[in-house]
Amino acid sequence: MSDIGQIPDLQSRVRDVHRCFPSGVAVVTTSVDGAPYGLAVNAFSSVSLEPPLVLVCVKTTAQTHDHLYRGEHIGISFLAHDQVSVASVFATSGGDKFSQIPWHAGSTGVPVITDSSAYLETEIEQRLSAGTHTIFIGRVVDADAP
């Protein structure tokens with residue numbers, strides 16, 4: 001079977017198809033040595049309710065990736081429709097993102113974005129390599145949909 005990167009134009013066509021699937025935006029966060037880290041993702045999925053497991057996919061070259069990999073917990077804040085500016089902050093690389101937006105520490109110490117539609121806090125159970133990404137599977141330890 002051919003690798004997608006070896007088929008001319010297939011990678012860009014697959015990307016075009018993915019753009020046709022509307023998804024929410026979440027900010028994935030962690031805290032390592034007391035410092036907050038985070039990035040915007042749209043690769044989120046529920047895995048199981050018993051036990052409560054979710055997953056997020058993060059590109060291995062993302063600046064936040066190594067911090068998430070080292071962390072024990074991941075926060076997932078689902079952005080509300082009026083939080084486009086928050087999504088923009090977390091969609092860019094570098095800088096002190098957390099000085100630009102309101103947030104608070106959740107029960108596990110991970111940053112939770114203020115006024116998000118909902119959030120989950122997870123304990124990382126698995127880190128799976130998948131091509132250019134790592135799939136983080138977390139067991140939900142706290143959740144709220146205010």
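# A walk across the sheet

Strands S1 and S2 pair in the antiparallel sense over 7 bridges. Strands here (E, at least two residues) and helices (H or I, at least four) are DSSP runs, numbered from the N terminus, and two strands pair if DSSP finds at least two bridges between them. What you have open is a predicted model, where local features need pLDDT of at least 70, side-chain atom pairs count only at pLDDT 80 or more, and totals for chains, interfaces and linings use all residues. Residues are numbered from 1 along each chain as its sequence is written, and side-chain values use heavy atoms, with hydrogens and water left out.

**Stop one: the S1–S2 hairpin**

Select S1 and S2 together. They form a hairpin with 2 residues between them, and Asp33 in the turn has a positive phi of about 50°. Is S1 enclosed or open to the outside? It is largely enclosed by the rest of the structure, because 6 of its 7 residues are buried. Buried means under 20% relative accessible area, exposed means over 50%, and partly exposed is in between (1.4 Å probe, protein chains only).

Now click on Thr30, which sits in S1 (residues 26–32). Its bridge partner in S2 is Tyr37. Thr30 is buried, with a relative accessible area of 1%. Its side chain reaches the backbone oxygen of His73 at 2.8 Å. That is a polar contact: a pair of N or O atoms within 3.5 Å, where within protein one must be able to donate a hydrogen and the other to accept it, and residues adjacent in sequence count only if both atoms are side-chain atoms. Show the neighbours too: leaving out residues up to four places away in sequence, Thr30 touches, among others, Ala35, His67, Leu68 and Val110. Contact means heavy atoms within 4.5 Å.

**Stop two: the whole sheet**

Zoom out and colour by strand. In what order do the 7 strands of the open sheet run? The order is S2-S1-S5-S8-S9-S4-S3, with antiparallel pairing. S2 (35–41) and S3 are the edge strands, each pairing on one side only. From one strand to the next, the twist averages 30°. Axes for such angles are lines fitted to C-alpha atoms, for helices over the stretch in contact, and angles run from 0 to 180 degrees between N-to-C directions.

Follow the pairs from S1 onwards:

- S1 and S5 are antiparallel and share 4 bridges; Ala26 has Phe78 in S5 as its bridge partner.
- S5 and S8 (residues 118–130) run antiparallel, joined by 6 bridges; look for Ile76, whose partner in S8 is Leu120.
- S8 and S9 pair antiparallel over 11 bridges, and Tyr119 stands opposite Asp144 in S9.
- S4 (residues 52–59) and S9 are antiparallel over 7 bridges, with Val54 partnered by Gly138 in S9.

S8 and S9 form another hairpin with 2 residues between them, where Gly131 in the turn has a positive phi of about 60°.

**Stop three: aromatic rings**

Show the side chains of Phe, Tyr and Trp. Rings of these residues (for Trp, the six-membered ring) pair if their centres lie within 6.5 Å; planes under 30 degrees apart count as stacked, over 60 as edge-to-face and the rest as tilted. By this rule there are 4 aromatic pairs. Phe44 and Phe78 make an edge-to-face pair, 4.9 Å centre to centre with 75° between the planes. This pair links distant parts of the chain: Phe44 is in S3 (residues 44–49) and Phe78 in S5 (residues 73–78), 34 residues apart. Phe44 is partly exposed, at 30% relative accessible area.

Next, pick Tyr69 and Phe136, also edge-to-face: 6.2 Å between centres and 70° between planes. Tyr69 belongs to helix H2 (residues 65–70) and Phe136 to S9 (residues 133–144), 67 residues apart. Which of these two is buried, and which is partly exposed? Tyr69 is partly exposed at 40% relative accessibility, while Phe136 is buried at 1%.

Then select Phe90, Phe98 and Trp103, which form one aromatic cluster.

Find Gly95 in the loop between H3 and S6 (103–105). Gly95 is exposed, at 71% relative accessibility.
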